[in-house]
Amino acid sequence: MLRLKIYTLVTLLLVTIVPWTATALNRADGAKVLQEGAKAASTTEDLMVKSLMAISAGDIQKALDTLDQILVNTPNFKLAQMVKGDLLMARGLQFQNFGTPNPASEDVAGYRDEARKRIERYLAQDTHSYIPEPVWQLDENQPYVFVVDADKSRLFVYRNDNGSLQYNADFYVTIGKNGGEKKYAGDKRTPLGVYYTAPRLTQKLADMYGDAAYPLSYPNEWDKRQGKTGSGIWLHGTAHDTYSRPPQSSDGCVVLGNQDLKTLTPILQQGNVPVIIAKDIEWLKPNSSVSSSNAQDKQALLDAIENWRKDWQSQETEIYLEHYSNNFSNGSLDYNHWAEEKKRIQASKPRVDIKLSNLSVLRYPNSPAPMAVVTFDQTFRSSVLDSQMRKRQYWIFENDRWKIIYEGAA
């Protein structure tokens, strides 16, 4: 009878975390094969899930032993601490709900969500062979890209392998208290879009930011066009008494555990890492019909970029200007003033040579109309000017063709 009561209590513990049966959990048995740099994080996470699996089987001692194994290496893992406390209460028949004695508290709800996110990732179909749809092309000088899936509370790391995107690792992350799509300062939301990392901040920071902080380029050019405000969106660690935080508990930053952030340091210290933050990410299987359609969209944009270059080089101004949206802005000039300036400069039709290289193409996530961020090295030569620059453009799909809606230095 005592074993039956304990079994009932621990089953209730599991159900309050995730509404799956023990049978569903056991289908995911076995450790995931992850890259070397993420082994410590994946081991901790796998052990956490295995402790919950042991609970689902009614094996309290195994669950407690697994939790103790976690807490030896990560004593500040608050989710593990909470589950262990609940198990000990269950053993003493004092357990009532996840996070006893105060299961309705905001902290308990947050750690319940963390448990759910971690289990969902553990049970997810293997995505190592899938690629995130927004990454259309990385230039040869861009070795890595980060993709933050705001729905899954996960940061995925992909490596540029001679133009082919290869999965490297993924990590649990925290985003804003009020979710995604930041619009104004103080809304406690994480921006959705394409951003780039800056070098590590060198000033002394409060402990809540953990071991390091890397600013993201919010607000970007498109955010400013939309009137979005705020600043100080960083990729940073956790307070040193905390292994990880609930999925939505930051003021808008993307937060990783200090151990995970340390793993990413060799990549982050290079600076200028693209970070795509998105919801409802589509994951593509190579050679599928969906990825073929994606490749066609990408090729249409690449063709539009090349036609823009050729028409600019030809100095046929009216044809060249057709590549720009009527809603174009370079941050200081709107389309009409931009067009007047280009007509003045190109009136004498000077002979020019224009070359583009190191082209990166990232589809902008969660935008009302299809849009892409294009970055490249531009070489411009004429009889009076010889210049090189890194340029960034935002292309939008309108009236059945790709057009430039923003252009400026990267």
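This is a predicted model: local features need pLDDT of at least 70, side-chain atom pairs count only at pLDDT 80 or more; totals for chains, interfaces and linings use all residues.
1. Residues are numbered from 1 along each chain as its sequence is written, and side-chain values use heavy atoms, with hydrogens and water left out.

2. Now the inside. Of the 410 residues in the protein chain, 52% count as buried (under 20% relative accessible area; exposed is over 50%, partly exposed in between, with a 1.4 Å probe and protein chains only). The protein chain holds 11 helices and 18 strands, which are DSSP runs numbered from the N terminus (helices: H or I, at least four residues; strands: E, at least two).

3. Have a look at the open sheet: 5 strands in the order 5-4-3-12-7, with mixed pairing. Two strands pair if DSSP finds at least two bridges between them. Strand 5 (164-172) and strand 7 (193-196) are the edges; each has a single partner strand, so one side of each lacks a neighbour in the sheet.

4. Both senses of pairing can be found here. Strand 3 (residues 144-149) runs parallel to strand 12 (residues 274-278), joined by 4 bridges, and Asp149 stands opposite Ala278 in strand 12. Strand 4 and strand 5, by contrast, are antiparallel, with 8 bridges; there, Phe156 has Asp170 of strand 5 as its bridge partner. The hairpin of these two strands has 2 residues between them, and Asn162 takes a positive phi near 55 degrees. Strand 5 is mostly covered, with 7 of its 9 residues buried.

5. A polar atom of the Asn160 side chain lies 3.1 Å from the backbone oxygen of Gln142. Leaving aside neighbours within four places in sequence, Asn160 is in contact (heavy atoms within 4.5 Å) with Leu138, Asp139, Glu140, Gln142 and Pro143.

6. Finally, helix 8 (residues 258-268) has Asn258, Asp260, Leu261, Leu264, Ile267 and Leu268 as its buried residues. They lie on the same side of helix 8 because they cover an arc of only 135 degrees around the axis, taken from the directions from the helix axis to the C-beta atoms.

Methods
A polar contact is a pair of N or O atoms within 3.5 Å; within protein, one must be able to donate a hydrogen and the other to accept it, and residues adjacent in sequence count only if both atoms are side-chain atoms.
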